[in-house]
Every structure is written in C-alpha cells, then in structure tokens.
Amino acid sequence: MSKLTRRKFVKTTFAAGLAASILPTDRAVGANSDIRVAIVGFNSRGKGLISGFQGVGGVRVAALCDADSAILNSVADDLDKKTKTKTQRYTDVRKLLKNKDIDVVAFATPVHWNGYGTLLALDAGKDVYVEKPVCHTLQEGRLMLAAARKKKLIVQAGTQNRSDVGMRAVVPDIQAGKLGKIEFIHSYWNKPRGSIGKVAGPQTPPASVDYDVYVGPAPKKPLMRKRFHYDWHWQWDFGAGEVCNLGNHQIDLARWTAGIDRLPDQVFMFGGRAYDDDGQTPNTVLTAFLYNNNVPIFWESRNMPAQPGKKGSDPIMGTTAAIYVKCEGGYFVGGRGGGATCDNAGKLIKKYRGDGGISHFANFIEAVRSRKHESLRADIAEGRISTSMCHLANISYKLGKVAAPDDNCYTKQIEAAKTNPYFASRWESIKAHLKVNKVDVTKTPMLIGAPLQLNPKKEVFTGPADIAKKATALAAKEYRKPFTLPG
Ligand SMILES: NC(=O)c1ccc[n+]([C@@H]2O[C@H](COP(=O)([O-])OP(=O)(O)OC[C@H]3O[C@@H](n4cnc5c(N)ncnc54)[C@H](O)[C@@H]3O)[C@@H](O)[C@H]2O)c1
C-alpha cells in the first residue's frame, strides 16, 4: 500500500469506525462499516438513486422496496446480477423499517409517501434521503424537521442542484455583490406535457401493485387515471403539480441564491389546467412569492407548447428552464448544468459549468458518518421551506376565483404585484401564450389565486380571516388509518 493510499485508508477507516460507534440506534454495524442503504420506489427517479448511492464509496444498496412487485423484481434482479449479491426485497416499507441492518432509507415515491415514509423511517431510527417535494403539506414538513432534530438523525432533501458545481460557484459570487444588489429572481421551467386523458370510470390498479400500501395515508377513492405510474403527479391526493415538481428545484435555487431562509410574507398563483382530463393540478401558472425587506421570487411554468401541435416550449432569456437573477449591474441565467453572468447590455461576464449535482449523495453520506446535519447541502430545514413555498402557491390556487377573460376583474392584490414591471410583462406574456394555444378561458377557466398573507416566523396565515382559515386547513391533512402519524 502506498503512503498516500494508506493514510487515506486509515483516515476513512477511523472516520467510519467513529461514526459507527455513535450511530443513533442499536442497529448492527457491518463488519466492513459499509453504510447500508434501502431505496424505496424506483419506477423512474429511484433508479437514479440506486446508481447514485452505488457510486459512493463505503455504501451498499442492501435492500429495495417498491409497492409494485413487477418493478421490484425486475430492478432487484438486475442489481443482483450486476453486484453478484442478494438484495433484500420488500413491497411494504413498514416491514423494511423493522430491518435493523438498514442504516439509511431513500424515498423516491409519490409525494404522499415521501414525507410520511420519512416520518416512519425517522421513528425507526434511520437516516433519510428524501426526494423533492419532501412533504405533502406544510405541517408534514414541520414534523419532519422536528423529528430529525429530536432523534438527531440526518435528512437530506433530493434537491441535488444545490450540489451542482456551477451553482455552488455562482451563488457566492452573486451574494458577494459581484453584480450589485439583486432586484428580483424569476424561476421558470416550460415543458410541454400532453393531456393525461380522461377515463370513463374507475380503473383497476395493475395486479402487481399492493394498492392499499400504494395509497397509504391518502384517501382511498376510485382510481381515475389511465397511466398508473407517474401521472399521480397531477392529482392532489398523491402529487402536488408542476410547482412541486420542476418548480421545487427552481424555487429552491432562487431562494438559496437570494439567501432567504424563511417562508414568504405574501403568495399568490395565477393559472389553470388547460386540458379537460383526469389531471387536477394547473399546467400553466405564474406565481409571486413576496418578502418584506427582501427580493421577490417569481415562478412560471407552461406545459403547453410555444405553438399548438409543435414540440418546443417558450424560451425565457434564451432557455426554457432556469433561474434569471436580475441584479443592478447585470444578471445570471442558468441552473443545473451551468449558466452565465452578463452585464446589463448582455455582454458575457463569466460562464459557470455545471455537473448536475452528482456529489449530492456523497455529501449526504459524509453527514451520515460525521452526524453533522450542518454539513448537508440540502438539510431538511432547507428542503421543507422550499417545498412549503410550492404548497403555498397551490393553496393560493385552490382558494382562487375564476378570472374573467379581460383584466377588469383583477383584485387589488394582483394589481399591487403587477406594479413590478417585470412581473407585469410576464403576466402579459402568459396571456398571449394562452391565446396562441387557443385556450378559451370562458370554457377552461384560469384562476386568480387567493392573496395569501403569512406571519413567516410563526408560519401562520394572517390577513382576511376567511382566507386565513381556509388556507390553514389546506396546510395540513388527515392520514388514512392505519397509516397514521407516528408518535
Ligand atoms: N430530484 C430529481 O431530479 C427528481 C427527478 C424525477 C423525480 N423526482 C421525484 O421522485 C419521486 C418519484 O417520482 P417518479 O417520477 O420516479 O414516480 P414514479 O411513479 O415513476 O415512481 C414511483 C415509484 O414508487 C412506488 N411506490 C409508490 N408508493 C410506494 C410505497 N408506499 N412503497 C414503495 N414503493 C412505492 C411506485 O410503485 C413506483 O414504482 C417524486 O417525488 C418526484 O418528484 C425527483
């Protein structure tokens, strides 16, 4: 063994041994001090978690759990073949959590299971990596943070863009004032998605799915969607729409860049679902998160194409997915995978090359070993604030009023937000986009979201009592028995 390799070996082994001695539970530690990870849910994103964790030294993907046994067996067979080991298989996460040999559980499930599963895993003494959106309600996010701290467990949100090397370089530059003061941040992701169709009646779940476990804490209603997997994203009981999907990434980047560590003081979302299908969440939205004494953050997304029948979507500042950070002396446009700063005349200042944030898994495992949640790049304290912002936008939308096709019905609140000339220009642009896509707003109504007001410190709704009361109710939910909250 060379000197350097040996030193590295001793350091790693010592760190691993020390971490093992202070792991928070009585679980057995493997002879070689590997961190043993279980992945839950891997129809699509979860596959990336399997390979991501396999790429981190000293980590073993020891168990797989999916409520769909066909997916479970296909992915586990592949993994066993590649690793020449026998991965433990589960269809019910509650059984998996009884396994004392598992140190870490990673969730890539529908939203109604991400946060709830995390709470169960924390109760069982496991560290957790949880995909965005990390929680299904604001209340769930608060419970996750409290449980993680109480049990001294490590929870990383799957907002891997916080580990992107380009973003990690540009955020300090912006915060150091290299472009002057930030004026506003516009986060956006325009991605055409077709209609999910409309079924004539209740559907039968695939025979390979344990549907009771899949539905879990959500209300058990007739299954009303054609494609079983993935399209839950657009139904409220299981998902939370595009703002909590692609928006969660971009809003998180915007908030991080602005150095804001709390919920906004005011929120509203304008938008609608321009398809008559089984989807419930809006597919064209414009949102404002307003902060007293800090910069506004806007979120915009369009799931219809730039031209009807065509593939491409509308670019903003030359790209369809980015954060546009407008500062006094210039701007940044970019995100995961890179970006650039320019002066106000559009002249390039600096390019930032990104890597998609692949070191996010290693960053999490380092914290699992050191037990220091402060070293996480997307600690649950951050993850739950960004996801909660997305839920606030949805709450505003759910409490919204139908917008008339002309501007005359806009409330005072919206007029106030439109006094930001940039936001007003986005408003006009999105109206033009609806027109190009021949959306008849008399038949497919767009909603003017309720203007939510908050006391961000206490995280309670203020303002008009009727709106505050309804918003408070939507910030929590009931859990279907026996899938009740632990503790
Ligand atoms: N970080 C990223 O870049 C990124 C990218 C894509 C998706 N995601 C997130 O990953 C999560 C999963 O999204 P997806 O697109 O892969 O969804 P999907 O529907 O394709 O896959 C979800 C899987 O979870 C399984 N599942 C559902 N309930 C379960 C339970 N109780 N126990 C075990 N398995 C269960 C399903 O059977 C399915 O295989 C979402 O939160 C999504 O937002 C993150």
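These legends describe a predicted model, from the whole chain down to single residues. As a predicted model, local features need pLDDT of at least 70 and side-chain atom pairs count only at pLDDT 80 or more, while totals for chains, interfaces and linings use all residues. Residues are numbered from 1 along each chain as its sequence is written.

**View 1. The whole chain.** The chain has 15 helices and 18 strands. These are DSSP runs numbered from the N terminus: helices are H or I with at least four residues, strands are E with at least two. The C-alpha trace spans about 70 × 55 × 45 Å along its principal axes. A compact globule of 487 residues would have a radius of gyration near 23 Å, and the chain agrees, with 23 Å. That radius is taken over C-alpha atoms, and the globule rule is 2.2 Å times the number of residues to the power 0.38. Of the 487 residues, 47% count as buried. Buried means 20 or more other C-beta atoms within 10 Å of the residue's own, with C-beta atoms placed from the backbone; exposed means 12 or fewer, and partly exposed lies in between.

View 2. The domain assignment gives domain 1 (3-161) and domain 2 (165-355 + 378-474). Such bounds come from an automatic or database domain assignment. The contact takes 30 residues from domain 1 and 37 residues from domain 2. Two residues are in contact if their C-beta atoms, placed from the backbone, lie within 7 Å. On the domain 1 side, α3 (69-83), α5 (111-123), α6 (138-150) and β6 (155-157) each give two or more residues. Helix α6 has the largest share of that side, six residues. By class, the domain 1 side divides into 15 nonpolar, eleven polar and four charged residues. Ala, Val, Leu, Ile, Met, Phe, Trp, Tyr, Cys and Pro count as nonpolar, Asp, Glu, Lys and Arg as charged, and the others, Gly among them, as polar.

**View 3. The shell around the ligand.** Both domain 1 (3-161) and domain 2 (165-355 + 378-474) give residues to this shell, so the ligand lies between them. Of the 29 residues around the ligand, Gly41, Asn43, Ser44, Arg45 and Glu131 come nearest. A residue is near if its C-beta atom, placed from the backbone, lies within 6 Å of the molecule. Helices α2 (45-54), α5 and α8 (211-215) each supply at least two shell residues. The most, three residues, come from α5. The shell has 13 nonpolar, eleven polar and five charged residues.

**View 4. Helix α2 and its packing.** Gly46, Leu49, Ile50, Gly52 and Phe53 are buried in α2. The buried residues of α2 pack against β1 (35-40), β2 (59-65), α3, β4 (104-107) and α11 (360-370).

**View 5. The nonpolar cores.** A nonpolar core is a set of buried Ala, Val, Leu, Ile, Met, Phe, Trp, Tyr and Cys residues joined through C-beta atoms within 7 Å. The largest has 73 residues; Ile174, Ile185, Val325, Met389, Ala393 and Leu452 touch the most other members. Helix α12 (residues 380-398) gives this core its largest share, seven residues. A second, separate core of 58 residues includes Ala62, Ala63, Leu153 and Phe361. Not counting residues up to four places away in sequence, Leu452 touches Gln266, Val267, Phe268, Leu392, Ile395, Ser396, Phe461, Ile467 and Ala471.

**View 6. Leu286 in its strand.** Leu286 lies in strand β9 (residues 284-290). It is buried, with 25 other C-beta atoms within 10 Å. Leaving out residues up to four places away in sequence, Leu286 touches Phe270, Gly271, Glu300, Arg426, Trp427 and Ile430.
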